Amino acid sequence: MEHAKIEQSNQDYRALGYSEELLPKGPQERDWGIFNYITVWMGAVHNIMSYMTVAGFFVLGLSVNQVFLAIMLSAVIVSAGYCLNGYSASKYGIPFAILLRDSFGVKGSIIPALCRGLIAGVVFFGTTTVVGAQSLNVLFARFIPNYMSIGGDFAIFGLDVPTMISYIILWVVTVLLFLGGMDMLTVFGKYSSPIVYIFIIGAAIWAINIAGGIGPILDYKPSTTMESPLVFIACVSALVSNWAGPIVNIADFTHRAKSPKAMIYGLSIGMIGSYLLFAITCISLIAGTEIAFGQPIFNIVDAIDKIQNPFSVIVLILALNVGATAFVVFGNLLPSGLQMTALFPKVFTVKTAGILTAIIGTVILPWKLVSSTETLFFFYSFIGSMFGPIAGIMLSSFFIERKRRLDLSLIYVEEGHNGAYKSGYNIVACIVLLISFLLPMSGAFLKSVPFLVQLNNFAFFSGLIVSFILYTLLYRFNQQNVQNSVEKEVGV
């Protein structure tokens, strides 16, 4: 009976012009169980950007124990974010682009959808791909004589010719994988993760060996000392921000869950278990290579390049790029495609929107964003300031305002209708989003105001907490507006 009801509803929504990607998933389409959610991010965790972020923790003075604690605390927070923000989609089977309508309004959902789908997708695609390209340079230089000398001093907007070649190769591979469709992505995510793990474990063993055992790594001391406990919180916030995008749009994955329990158990086990290995490997590689070679290495690829065995270098760099590619495809191109298709169905398909994301992600010159620890952490503060508020509003809207119940008839509306809000905008949500973004982000520029600087240091947490509290306090102002709009929609 329930199945027939869902099918009838979907037929009605199709008649209103909604594409298959945006319809609620029926029972036969909810095919992701615990194992799917365990493996979806397993390989993606081991991406080069994450390793560079943790290397920055040592630069800021965190000890080995503090870095380990920061990584595992991040894993718990990210897992909680996945489960909480993914619950509504697993219950109702609706994707992120549609779910946003409940929190921000039919028209208002355009704002966070653009933030997640285009802005963040573009930036993450560009930065992750250029870092992957730099790793391919190491690979090609091992087998192509004078590869790094190709083009001499010639550069385009600061990008040298060898890295440009590597970037183009990785760009094409990533886009082709994305164009293969969801079935190929599911297979890729399921089987690439174990391959990545085999080689990552090998890297950890190598690093521990060259350091003289696990003892010297545990005793490793960075060249600087952490100035304040607040630095530790800022590091956790930065690593969480690396996964802030998927936290926001996790509905794009959980709407395929066989049950809410499947996604809760799977995502928690997968993320926390994956981060445990990530922590061991990352600390071993960063500390082990400095102990062995006498110099700190910020870029994890440079650490791998110290390995003498060419075969080991090949497999490790390929493994890291598999993880990075999974992160780009699942966490950026796919969400971008879905969001842009939902916003402009007559202009984009999921695939064309994904390709546009990849093109713009190159035009923004992403190699300038990953040139140092400072620019990398500024990038994370921007992402955190944007995504924290979106997640906070969504959580407050669903759990506090809606009390875990959604009315899909007010979300899937005919073109020209505004759903639950008279103007099509949840004004309170839009105002809260703006305030919650500006507060932490202003700290990046107003360095003379210590309070704002600290909010910026903890950008994701600041934005999430401020938006959750503000929306929870103000949502009651929406109730009369919603009631009036509903009455107008039904002709009362």
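Author: Helices (H or I, at least four residues) and strands (E, at least two) are DSSP runs, numbered from the N terminus. By that count, Asp219 sits in the loop between helix 10 (214-218) and helix 11 (229-241). The model is predicted, so local features need pLDDT of at least 70 and side-chain atom pairs pLDDT 80 or more, while totals for chains, interfaces and linings use all residues. Residues are numbered from 1 along each chain as its sequence is written, and side-chain values use heavy atoms, without hydrogens and water.

Reader: Is Asp219 buried or exposed, and how is such a word to be read?

Author: Buried means under 20% relative accessible area, exposed over 50%, and partly exposed in between (1.4 Å probe, protein chains only). Asp219 has 56% relative accessibility and therefore counts as exposed.

Reader: Which residues of helix 20 are buried?

Author: Helix 20 covers residues 450-457, and within it Leu452, Val453, Leu455 and Asn456 are buried. Because these buried residues fall within an arc of 160 degrees when one looks down the axis of helix 20, they line one face of the helix; the arc is taken from the directions from the helix axis to the C-beta atoms. Pro450 and Phe451, on the other side of helix 20, are exposed.

Reader: How many salt bridges does the structure hold?

Author: A salt bridge is a side-chain nitrogen of Lys or Arg within 4 Å of a carboxyl oxygen of Asp or Glu. The structure holds three of them. In one, Asp31 is paired with Arg256, and their closest N and O atoms are 2.8 Å apart. That pair links distant parts of the chain, 225 residues apart, since Asp31 is in the loop between helix 1 (2-15) and helix 2 (34-39), whereas Arg256 is in the loop between helix 13 (251-254) and helix 14 (260-293). Asp31, with a relative accessibility of 37%, counts as partly exposed, whereas Arg256, with 13%, counts as buried.

Reader: Which residues are linked in a network of salt bridges?

Author: The network is made of Asp102, Glu401 and Arg402. Asp102 and Arg402 form a salt bridge in which the closest N and O atoms are 3.2 Å apart. Because Asp102 lies in helix 6 (residues 96-104) and Arg402 in the loop between helix 18 (373-401) and helix 19 (427-442), this pair ties together parts that are 300 residues apart in sequence. Arg402 also forms a salt bridge with Glu401, where the closest N and O atoms are 3.8 Å apart. As for burial, Asp102 counts as buried at 9% relative accessibility, Glu401 is buried with a relative accessible area of 11%, and Arg402 counts as buried at 17%.

Reader: Where is Ser397, and what separates the C-alpha atoms of Ser397 and Asp102?

Author: Ser397 is in helix 18, where it is buried, with a relative accessible area of 0%. Between the C-alpha atoms of Ser397 and Asp102 there are 7.9 Å, although these residues are 295 residues apart along the chain.

Reader: Which residues make the nonpolar surface patch?

Author: Patches are made of residues with over 30% relative accessible area and no salt bridge, like charges being joined within 9 Å and nonpolar side chains (Val, Leu, Ile, Met, Phe, Trp, Tyr) within 5 Å; accessible areas come from the Shrake-Rupley method with a 1.4 Å probe, only the protein chains shown counting as cover for residues. Here Ile111, Tyr425, Ile427, Ile431, Ile435 and Leu439 make a nonpolar surface patch of about 470 Å². Helix 19 gives the largest share of the nonpolar patch, four residues. Ile111 belongs to helix 7 (residues 110-143) and, at 36% relative accessibility, counts as partly exposed.

Reader: Which residues form the positive surface patch?

Author: Lys and Arg count as positive and Asp and Glu as negative, with His and the chain ends not counted, and a charge is placed at NZ of Lys, CZ of Arg, CG of Asp or CD of Glu. The positive surface patch is formed by Lys91, Lys403, Arg404, Arg405 and Arg476. Lys91 lies in helix 5 (residues 64-92) and counts as partly exposed, at 35% relative accessibility. Lys403 is in the loop between helix 18 and helix 19, and its phi is near 55 degrees, a positive value in a residue other than glycine.

Reader: Where is Asn146 found, and is Asn146 buried or exposed?

Author: Asn146 is found in the loop between helix 7 and strand 1 (155-156), and at 61% relative accessibility it counts as exposed. Asn146, which is not a glycine, has a positive phi of about 60 degrees.
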